[in-house]
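Thanks for coming. I have one model to go through today, and I will keep it short.

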Amino acid sequence: MKRFRPPELTITTPNTPAQPDEAAAGAILTIDLGAVRENYRRLKARLDGVACAGVVKADGYGLGAVQVANALRKEGCETFFVAHLWEGISLRDALGAAPTIFVLHGLLPGSEAQGEAAALTPVINSTGQLAAWRSLARRLGKELPAAIQVDSGMSRIGMAPVEVEALAADPSGFDGIELKLVMSHLACADEPEHGANEAERLEFERLRKMLPPAPLSFANSSGIFLGKPYHHDLARPGAALYGINPTPGHKNPMQSVVKLEAKVIQTRQINAGAGVGYGHTFRATGPLRTATIALGYADGWHRRTSAAAFFEGTELPFIGRVSMDSIILDISALPEGRLKEGDLVELIGPSHPLDTVADVAGTIGYEVLTSLGHRFHRRYLGG
Ligand SMILES: *Cc1c(COP(=O)(O)O)cnc(C)c1O
């Protein structure tokens with residue numbers, strides 16, 4: 001039996017959701033790759049000659065790993081970090097053979113050959129991961145590249161001090177392994193006064209001396225701002241490239257990268273006493289003019305977060321609950337008829353910076369960006 005399929009239907013793979021064009025989209029996400037490049041240059045200037053990688057895990061913090069990596073390559077960046085093997089495989093497909101791609105989680109048991117086939121460099125976090133990589137090297141009869149991550153005090157991922165000590169005592173530990181990098185990660189880099197920073201730095205120095213000599217990497221975005229003793233040989237910024245403030249509490253030294261705008265689906269007049277949205281959590285105390293916009297929690301705008309949108313600098317508070325696909329705004333502050341169907345209001349941008357949006361939501365810019373959904377029209381500028 002033949003299955004019916006309309007001839008005009010095109011099949012897209014689940015990993016590459018089709019994106020709506022500008023007219024069809026409920027919201028538009030503008031990503032300024034020129035600003036990403038500028039941010040990379042600003043970090044490079046602080047690093048004063050030390051090499052700088054680009055962290056593009058979680059699809060480039062939600063902004064497009066391939067687009068971001070290609071923009072950074074124009075600034076001479078040829079070293080990238082992803083978290084997962086499959087992120088590394090798709091980045092390798094897109095970028096070709098030249099760049100070095102580190103996989104922060106290392107390779108999970110049974111996936112080592114896939115990592116090798118895509119010429120990825122695992123960040124080895126345990127004795128078990130090291131043994132599996134060594135055994136693949138032996139089977140293939142060639143050296144395989146690796147980074148070693150030591151845990152200098154975050155207690156999250158990386159070889160524990162006892163593992164490093166055991167490895168130091170084992171002369172065959174690195175058989176078949178080409179050690180490309182020794183690294184660790186800071187738990188409190190965004191709090192420069194935190195005593196853990198210096199303690200971690202000293203522990204990193206102690207542990208790395210037990211390992212074969214290799215370039216060292218320690219600083220994430222905020223770590224770069226802790227100064228030269230934290231720079232070592234390779235910095236690993238993510239957040240700062242995407243415009244997130246690496247120095248919370250101080251003026252953001254980075255350029256903003258993201259603008260999120262949603263379209264007005266309709267405007268309404270509501271009367272005093274009308275309930276607004278699910279559960280009628282808001283009730284109009286007088287006549288109101290409202291606009292419903294085409295963005296909701298399915299697009300990454302958390303339901304628990306009340307906030308505001310902006311139109312030409314005027315604040316338009318959310319009223320009622322955030323729905324899956326829509327949010328209701330009080331637009332009474334605007335002249336009647338000023339906001340029309342199809343107009344765009346700003347959710348993240350110059351009137352409402354990313355870090356402010358995150359503060360209001362009780363979270364951090366990282367979570368706001370990586371929560372952004374897949375229904376936007378994405379517009380890339382510059383790069
Ligand atoms: C995510 C991550 C980074 C980048 O951190 P930012 O704070 O985004 O600069 C660097 N190193 C490791 C190990 C990470 O997990």
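**The ligand site**

Of the 14 residues around the ligand, the ones that come nearest are Lys-57, Tyr-61, Ser-221, Ala-239 and Tyr-366. Before I go further, please keep in mind that this is a predicted model.

What kinds of residue make up the shell around the ligand? Seven are nonpolar, four are polar and three are charged.

Now the polar atoms. In the side chain of Lys-57, an N or O atom is 2.7 Å from an oxygen atom of the ligand. Ala-239 uses its backbone instead: an N or O atom there lies 2.8 Å from a ligand oxygen. For His-185, a polar side-chain atom is 3.4 Å from a nitrogen atom of the ligand. As for cover, the ligand on its own has 390 Å² of accessible area, and the protein covers 93% of that.

**Glu-203**

Where does Glu-203 sit? Its place is in helix α8, which runs over residues 195–208.

Is Glu-203 buried or exposed? The relative accessible area of Glu-203 is 17%, and the cut-off for buried is under 20%, so Glu-203 counts as buried.

What does the side chain of Glu-203 make a polar contact with? The partner is the side chain of Arg-206, at 2.9 Å. Leaving aside residues up to four places away in sequence, Glu-203 touches Ser-152 and Pro-161.

Terms used. Residues numbered from 1 in each chain as written. Predicted model: local features only at pLDDT ≥ 70, side-chain atom pairs only at ≥ 80, totals over all residues. Heavy atoms only, no water. Helix = DSSP H or I, 4+ residues; strand = E, 2+ residues; numbered from the N terminus. Buried < 20%, exposed > 50% of the residue type's maximum accessible area, 1.4 Å probe, protein only. Polar contact = N/O pair within 3.5 Å; in protein donor to acceptor, adjacent residues only side chain to side chain. Contact = heavy atoms within 4.5 Å. Near = heavy atom within 4 Å. Areas by Shrake-Rupley, 256 points an atom, 1.4 Å probe, with all protein chains shown as cover. Nonpolar A, V, L, I, M, F, W, Y, C, P; charged D, E, K, R; others polar.
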